[in-house]
Structure formats: C-alpha cells, structure tokens
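Subject: Handing over the model

Hello,

Here is the structure I promised you. Please open it next to this email and follow along.

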Amino acid sequence: MLFNDYLKNKLNNLICAEFKAHSIQEIPDESSFSIEIPSNKKFGDVSSNIAMIFSKKLNLTPRELAGKLCNQLNEDKFIERLEVVGPGFLNFFFKNYFWQNQLKEVVRNLKIYKYKIEKKRICLEFVSANPTGLMHIGHARGAVLGDTIASILEEVGHDVTREYYINDAGEQIKKLINTIIFHHKNLTNEKINDDKNLYPGTYLKEISDTVYKDNSREGLSNNIFEKKIIDLIINDIKKDLKEIKVDHNSFVSEKKISSKENVDKVLKRLKNKNLIYEGFQERPKSSNNQNWKKDKLLLFKSQKLGDDNDRALMKPNGDLTYFMSDIIYHQNKIDKNYDILLNIWGVDHSGYVKRLANALKELNVKKQYSFEVKLTSLVNLLEGKKIMKMSKRDGNYVTMREVVEKVGSDALRFMMISRNVDKKIDFDFKIIKSKTKENPVFYVQYAYARCMSLIETFKRTFDCPSKKIDINDADLSFLNFEEDKVLIIKLSNFFNIMIASAKSYEPHKIANYLYDLAKDFHAYWGLGKLDPSKKIISDNNYEISFSRISLVLVVSLIIKKGLGILKIDCPENM
RNA sequence: GGCCCCGUAGCUCAGCUGGAUAGAGCAACUGCCUUCUAAGCAGUAGGUCGUACGUUCGAAUCGUACCGGGGUCGCCA
C-alpha cells in the first residue's frame, strides 16, 4: 500500500476507536486531517496534524491525543521512530525497507491505482472558439487547459465529456457571411476597415474563394451556404486542435439547440418563476451598434438576483440573445443529468458567470448539479523581453497554427498549463526554444532521456543488452542514502498530486510536480560527480547498480505517466 | 461606480486549500567537464508574503476594510 493510504487507514482506524471509546456517535471525517511530506526533514518523512484536528471533540489537548496515538502506533513494524512535536504534530520516521518497498508499490499502482473519489459525470466545455476565424494563442490556452483537465479527471476515474459549443448563430455569423460575400464581390481589392462592420484579415478571403470555387453560390439556399462556410472554418479549427492533441467528443451547435421547442420550454419555466417581463433598456455606453433602437424586448429579472441590470433574452427582431441561448444550452446539459458542468472561458467573460449561474439555479431548484467556470487569463507572446503585438484591428494576429509550427505541440502544451489560470502567461519563444533548465519542457524531457541513457549504460556495463529491468528482481536494500529516500518519497507522492490536481481542476500542479521530480532526479544524478561511490552505475558492483537503476526506472515511469496525461512526448534520447 | 481576478526575493512564479525555519527558475557571485548526457550538478546572497484589524493553539493561506494593478459591466459572443 502506498504510504498515504497506509497512514490514512491506520490513523483513521485509531481515531474511530477513540470516538467509540468516548461514546461519540459520529464518524470522523477522513479527509479532514492531513498526511503531508514536511519541507523540513527534521519533522519526519511524513507528518500528520490529526491530533490537532480531533483533540477538541475528544476533550483532550492535541499533545495528549498525539501521545495516545503515538503509543498505539509504536508497534508498527514499518515505523522507525515517531515523535510528538510542537502543538501536537505526529512526525513519522519510517524504516528504510518501508520506503524501498514503496518503490514497488508505485510501480504496481501505476496501472491499477484506485483513486478514492466519488465518480461524477462531468461535461467539460472548452475552446468553443467562434467560427469566424482561426484560433489564436488565447484559444490555445483554453484548449490545452480544458483537454488536460479532462484527462486528469478521467485518470482519477470520472466520466468526462469534452464538449465544444459552436456559436453558429447570432450577429457574428451575419457579419461573417457578409464578409464572405464582400470578398467575392470585391473585384477592386478594396480594403476592409472598421466602419464596414466586416471581419478583417486575409483568412476569410481564402474561405470566400473556396466556397465560391467549389460550389457555385447558385442553387444553394442561404442556410446551406452558411453551413458550408461555418463547416469550413470549424474544420480548420479542428485541424489546429488535432495538431495540439486536443480532441472533443461532442460538438453542440448553438443554432440547433436553440430550437423553438427548447426556447418555449425555457421561457415557460422562467415565466412560471416570474422571472421575465417585457420592457425597455437604455442604450449601453459601450455599444457601437449603429442599428440600436430603444425597443420593447423580453427581459430577465437579473437585478432581483443581485445583477446591476436586467438582461435581455430576446432581441426586438425575435433573435435570441447569447444569454438566452446559453441558458438553453446549459439547461440542456443539466437535463442530461450531468453532475458537474465545467466550463473553460476567457477571463473577459467573468462578469457573465454569476448571471448565468443565477438563472440556472432558479430553473433547477430541486436538481443536484454544480456549475463551475474556470476563467483563463491572458497569454503574452514574447520574443525575449519584447511583447509581440497582437494586431486584431487588421485581422493579422498571430495564429495558434504559427506558434505550433514554431515550437511544437509539446512545448505549447506544457507552457499553457504551467501556470495557474488566473495568472498571465508570458509565452517566450526565446525560452521555449532553448535547451536549458529555464525551459521546463526541455528540463523534464531531458530527465527522462537521461534515465533512458542510464538504463542503456547499465545494460552495456553488465553486458545484458536484452535484459528487461524488473524492479522485483532488484535488491532494493542498497537504497539507503538520504538522497534515495528523498526521491522515493517524491515518487510515492505522485498519486496524491494527481488527486489534488483533479479536485481543484489545476493541471499546473502536475507540471510543477514533474519539474520538481526532474530537478530531484538531476540532483541525484549529480551526486556521482561529487562522490564517485554514489554513481548510479558503479562498474564493479552489479547489485548496487541494479538497485539504483531500478529507482531510475521508476523515475522514468512516473515522468512518462505524468507527461502522458499531459499528452507530451518523452523522447528516449536528446 | 458595481462585480470578478491579482499583489510572495530585483524579475517570472510555486506554496499540497489553516501548520513548524515561506520555496523554485531567471538575473548576481563561487566551485565542478581525461563526463553513468556540463543541454548538467553543487554552493553563496536575496523576504515585514500590498497595509490594517479580526477569526484560533497557529494565518502567505480564512473574514472585513483600505491601498495598488488588471478585467468586465450590450439588443457582441
């Protein structure tokens, strides 16, 4: 059993017994106390705050309870030493063979580890870039983040749908179609500028050419013409997503889901809740819509729920607002009985989250579900210290495609999740292309390659080129140095990182862990430089070499597993 | 102005959701290449965790207020 599970069980049982002895009915919450790896070695290999958590309930001081637990644990065959320290910490020092054995546990668990989670059905919506142009670097962040979160959630055992919501309705599509038609009719090569209310850029010119070349516009209904254009763009987006290994298994069309039937259904429910009315709104300050008229329209009583304003559901011309179709879309997900609706949106949608959450809550008072949104911050493209200008005005922004061509999928993916969502990312081409420690992708991959190289050297040295390194054949009792232990503890903590990452929807925890592990491993490797007796492969001692190479093997397995979840390659040599 | 996010070393960021002496990378300085991959390793230096109260055994972490920075407040999506 892995150390965390072992201690958790053990401590939990003891606490349960204490509760019983004190005639306390309730069952102690296993998740309320911690099993952690202290940053300071002095505080043990592992430490727990359990006594401080439960002492009050048991009417003891933390140190008293800790002492009691300590006495009962002292017989444990794996524990070398156990201390009660400070306010009541329990600090565990395990025997070496316990840690040596953990290495085998890690390998065993790599395939079969059962994460302790309650399995949920999760609908994860991400990317959902509008089909009006190619993806840019900001989209890439949402794409990689969403895809990676999905992989992590699946790894720990959830059931995840990766969904792309295609915004194929509304004003922007009209603008798109107008742009396509403009290009076709534009024989004099007139430029698009702001006041034309069209999308700038050469990309849509190409789309226009393709649409009109393949199939004459004649004979196509407006609907089919429109669909053809959107399909072309969506296919380009899909192609780009494939390049960075992002794959959705569900595409939902806004147009389709906003059927009259669905609209009526939602409106009826809102009406029953007395949340809609017909009224007027002031012209918004920021709107540059020249066609704006003060008109009667259907409104949602958002103010009642703490919003600044009531919000439009239907435009005067009968079209749905984005808000309305989004309610329908999310209602649809709730009706499909997902436990969790998780959305990855750009941070510019922040003001919109509460509004939608409120509407959904009102519509689903009795329903169990949770609605969560991760808002991704900006990405700056840098070349050294210089920020590359993203000129949106003329439509010539740096596309994700170009970035991938320059740095590859691995580097892009790693960078995009290396930071918490609410921090901006400086995507520096200079760093990302460098082969140094400063470039985290490289550093981790290099650690893996170094492991592979060591394993090869081991086989060469002991003349067993076809040998398969099996940790069960190794005598791990040679792994007695403090440095061995540090690495082993790190490795046996992998599954805890995974679950923490899944719980908080934060892939950067895994990225950071892998960087840390790589660092520890490189340090381990470096020991041989300072002290030849600590070389991983010592020419004259097969047994010691074999045990150390087993440790190296597990490092490589964990890196491979971790990078695999992040969908990043592990080159065998670099 | 309302709401959301951020403020940790000179710079870019972690900090395991309340734990013990706050950690990495870069930049600076010092060692280590007849090499188990120097594309690397070891070491030195660098901090009033924006400020002030509060919550408790204990706060970078939770709460409130303020200061500073960003985002957002459409009949765009």
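How many residues does the largest nonpolar core have, and which of them have the most contacts inside it? First, some ground rules. This is a predicted model: local features need pLDDT of at least 70, side-chain atom pairs count only at pLDDT 80 or more, and totals for chains, interfaces and linings use all residues. Residues are numbered from 1 along each chain as its sequence is written, while chains are lettered from A and ligands numbered from 1 in the order in which they are written.

**The core**

The largest nonpolar core has 117 residues, and Ala140 and Val555 have the most contacts inside it. A nonpolar core here is a set of buried Ala, Val, Leu, Ile, Met, Phe, Trp, Tyr and Cys residues joined through C-beta atoms within 7 Å. Buried means that 20 or more other C-beta atoms lie within 10 Å of a residue's own; exposed means 12 or fewer, and partly exposed is in between, with C-beta atoms placed from the backbone. Helix α19 (residues 542–565) supplies the largest share of this core, 10 residues. Helices (H or I, at least four residues) and strands (E, at least two) are DSSP runs, numbered from the N terminus. Domain 1 (3–94) and domain 2 (440–565) each give the core at least three residues. Those bounds come from an automatic or database domain assignment. In soluble globular proteins, nonpolar side chains tend to be buried together.

**The sheet**

Next, look at the open sheet. Its 5 strands pair in parallel, in the order β7-β6-β5-β11-β12. Two strands pair if DSSP finds at least two bridges between them. Which strands stand at the edges? They are β7 (250–253) and β12 (370–376); each has a single partner strand, so one side of each is left without a neighbour in the sheet. Neighbouring strands are turned by 25 degrees against each other on average, direction ignored. Axes are lines fitted to C-alpha atoms, for helices over the stretch in contact, and angles run from 0 to 180 degrees between N-to-C directions.

Now the pairs. β5 and β6 run parallel, joined by 5 bridges. Ile122 stands opposite Val160 in β6. In strand β6 (residues 159–166), 6 of the 8 residues are buried, so this strand is largely enclosed by the rest of the structure. Strand β11 (residues 340–346) pairs with β12 over 7 bridges, also in the parallel sense. Asn343 stands opposite Val373 in β12.

**Two loop residues**

Most residues other than glycine have a negative phi. Val127 has a positive value, near 65 degrees. Val127 lies in the loop between β5 (121–125) and α5 (137–155). Asn274 has a positive phi too, near 60 degrees. The loop between α10 (260–272) and β8 (276–279) holds Asn274. Is each one buried or exposed? Val127 counts as buried, with 25 C-beta neighbours inside 10 Å. Asn274 is exposed, with 10 other C-beta atoms within 10 Å.

**The RNA**

Finally, find RNA strand B. It is surrounded by 78 residues, and the closest are Asn167, Gly170, Ser453, Gly526 and Gly528. A residue is near the strand if its C-beta atom, placed from the backbone, lies within 6 Å of it. Helix α18 gives the most to this surface, with 10 residues.

Best wishes
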